[in-house]
Amino acid sequence: MIWTEIKNLQSVSLKEIPNLEFHKLREQIVEMISKGCRLIQFFGEKINSGVILYVVLADDEQSKLFIASSNFNDGDSFDSITPEFKSFHLFEREFYEQFGIKPQGHPWLKPVRKGIAGISKEEIPYEFFKMIGEEVHEVGVGPIHAGIIEPGHFRFSCHGEQIHHLEIELGFQHRGIEELFIRNKNNPVYLLKLSESIAGDTVVGHAGTFARAIESLSENNISRRAMVIRTIALELERIGIHLGDLSALSGDVAYLTGNAAFGALRTKVINTTLAICGSRFGHGMIAVGGVNYDISSELKEKILDTINKLEEDVEIAAEVLFSSASVLARFEKTGIITNEIAKEIGMVGPAARASGVAIDIRSDHPFGGFSLFPVHKLTLKSGDVFARAYIRYIEITQSIKIIKEQLETFSEGELKKTSSELKPNHFVISLAEGWRGEISHTAITDENGRLRKYKIKDPSFNNWLAVALSVKNNGVSDFPLCNKSFNLSYSGFDL
Amino acid sequence: MLILFQIFILFFAPFLFLGLINRIKAIWAGRKGSPILQPLYDFLKLLKKDEVISKTTSLVFRIAPTFNIAAVIFAFLLIPIPSFGSTISFNGDFILFAYILGLSKFLMVLAALDTGSSFEGMGASREVTFSSIVEPAFFILIGTLALLTGQTSFVSIFSLLNPSAGYTELIEILFSVALFIMILTEGSRVPVDDPNTHLELTMIHEVMVLDYSGPDLGFILYSAGMKMVLLSTLAANLIIPENLSPALAIIFLVVIISVTSILIGIIESLMARARMSHVPQFIFLMTALSFIAFAVVIFFIRGGIR
């Protein structure tokens, strides 16, 4: 075994990370993935003489993570792993884009966000996949959309009303967040704000993941009370967004009752977050070393009241939505992602669980409040829009139970502990289950204990390909519904 | 009196119709909703606005909304107001009625294609597909009535419908339901289309008018409401008894138009939109009902094919 074995949030000295020739590392990766491991991270870091590639794999059953690295010189190339394992395709493209080190034999080497090794995307000739024939037509949507939606381009190749191929072009929201982390490494307040804005709908998810990474690097064990408040905030975020999604899914099929009912319930949930921290989306909630806002005993009662009422209301609303024949006619057998495809392309989160892939970081690699309260993994089989809608409903009820459980264990404790210096030359990977799925942040420190590299992966990065695959052979008019059933982030992908 | 009432129907009923649908939907959703006359305010606001006209378009794009509104108003003059009769009436006027509405749609489709946008092309193709199913069904429906009464103009058809002949109630029900389906299709309402969506890929009628702004857009919204009022007036002609006093007949008509819009509001509140590939099945229901009415007339009233 040449890999270094760690747990989620366990920082490790850079010296302990094995460095291999790439062809040896490749053999190792192939062996590990064949044994059932899963790719978590595959990213490079620029150093003087070239690039270091870090690979992190996960063994979900045993809650273990494996790290190894490999060195490249500028202008090198390597044998692509994508032909064997498709889950690598986007990671290799990203690596090529950032450092110009070419994965040989990669089937689809187009830019991910901004262009390859300093050459901007506009200057690289690229043609979308084309379909030729009678009654074949192409529809381009975006990058500017109707309604308040982030920019992204969708190119459909259709035969009449049927979609045969969808190509998704992203990168319009690229803000250089990872570079901003390094540029502002001396300003911790700014970094926290930055982590909150990686994806506007996953504020608590990303800020918490960032805070835990920093806490791990500075050996800061936050109080039990702070941990409970963080867990509640994360689950409130999950409930809020899932309710919003159920409302929007109803809206997309013009089902007014569901749209109004779930929309009203969502407001109650995000207003609870508002009552805790003054922001409906959880801005300012998380601090490095704990939380900024306490839950007083009155507030605790208020939260309990709200979620008890919510539990009843959600059940009624879901009963109505999921028993309405006209809604089921739209949801069922639309946008199917089979279990095999979900595994093959490395999907995560509720979308993967709706296709029967049992991955949930809360139970596989527990973090924060979940290390003491194991979470049961919920999966469905059909992988269609219905499954992705229904899993949201059952996750809402699960999250309500988690919040109740956490509120019971409320103990006294310090809200925020000041962090000491970060450990020099260390590596940490922080995984969390946001509402959309696995969030992973990786931090590397330099010899002075300052951030040297910060790598972010939003679950959208894993799942965008699934949107393109799910609409194949569906009607053009079902695309918005399929898209909404994943509800992926553009800015989380573009960074 | 007729003129006054026609002016009322022409200028207010479409907006009230749309406003009432929105109000019903708001009530179902637990909201207060906008004023019932909001569509009228929107229309007046649009009339004051400037227009942005795409450079890729030609004359067709610019004249289509005006012809559209003219055609719809002309069609309105052909429809009898119960117990008053219609402004223009001649033998075979229902054919003109169907094709004057067809003309308005044809121009709107041309205008959509004129923009060269792939969305609008897609919308036009859907609109034409669904219209081509509605049109024959409408002719079977009116043809059945013509067969029943032996008349070929709206006014004489409706005045000669004899309630004592038996089966008339059955025909009235079939006719009303079939017309209601036609209203949902022509008015682009749920389950055929979703008038409130912002998702271009799922739109039918809305996507065809994406490039319009200002007064032209106002005319288009107005004519969509007008078409629904037209068809509900047609259904009212059948339902309202012949020998009512004019005042009562008009009250009856207003009630029927309101009930239609309330029904549409309720359907939109409680039902999801059908999948695009299933929409033709829904519209074929109208064809089926028309054929049943036709069969009833042929076999039970006329006593077989002679």
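Helix α15 of chain A, residues 479-486, has eight of its eight residues buried, so the rest of the structure largely encloses it. Buried here means 20 or more other C-beta atoms within 10 Å of the residue's own, with C-beta atoms placed from the backbone. Helices are DSSP runs of H or I with at least four residues, strands are runs of E with at least two, and both are numbered from the N terminus.

This is a predicted model, where local features need pLDDT of at least 70 and side-chain atom pairs pLDDT 80 or more, while totals for chains, interfaces and linings use all residues. Residues count from 1 along each chain as its sequence is written, and chains are lettered from A in the order in which they are written.

Back to the helix. The buried set includes A:Phe479, A:Cys482 and A:Phe486. Its packing partners in chain A include β13 (162-169), α6 (224-252) and α13 (385-408); contact means C-beta atoms, placed from the backbone, within 7 Å. Just after α15(A), A:Asn487 has a positive phi of about 45°.

Now the sheet that holds β13(A). It is open, three-stranded and antiparallel, in the order β11-β12-β13. β11 (136-141) and β13 of chain A are the edges, each with a single partner strand, so one side of each has no neighbour in the sheet. β12(A), residues 153-159, pairs with β13(A) over seven bridges; pairing requires at least two DSSP bridges. A:Cys158 has A:Ile163 as its bridge partner in β13(A).

Last, the chain contact. It takes 24 residues from chain B and 27 residues from chain A. On the chain B side, α11(B) gives the largest share, three residues.

Notes. Two residues are in contact if their C-beta atoms, placed from the backbone, lie within 7 Å. A residue is buried if 20 or more other C-beta atoms lie within 10 Å of its own, exposed if 12 or fewer, and partly exposed in between; C-beta atoms are placed from the backbone.
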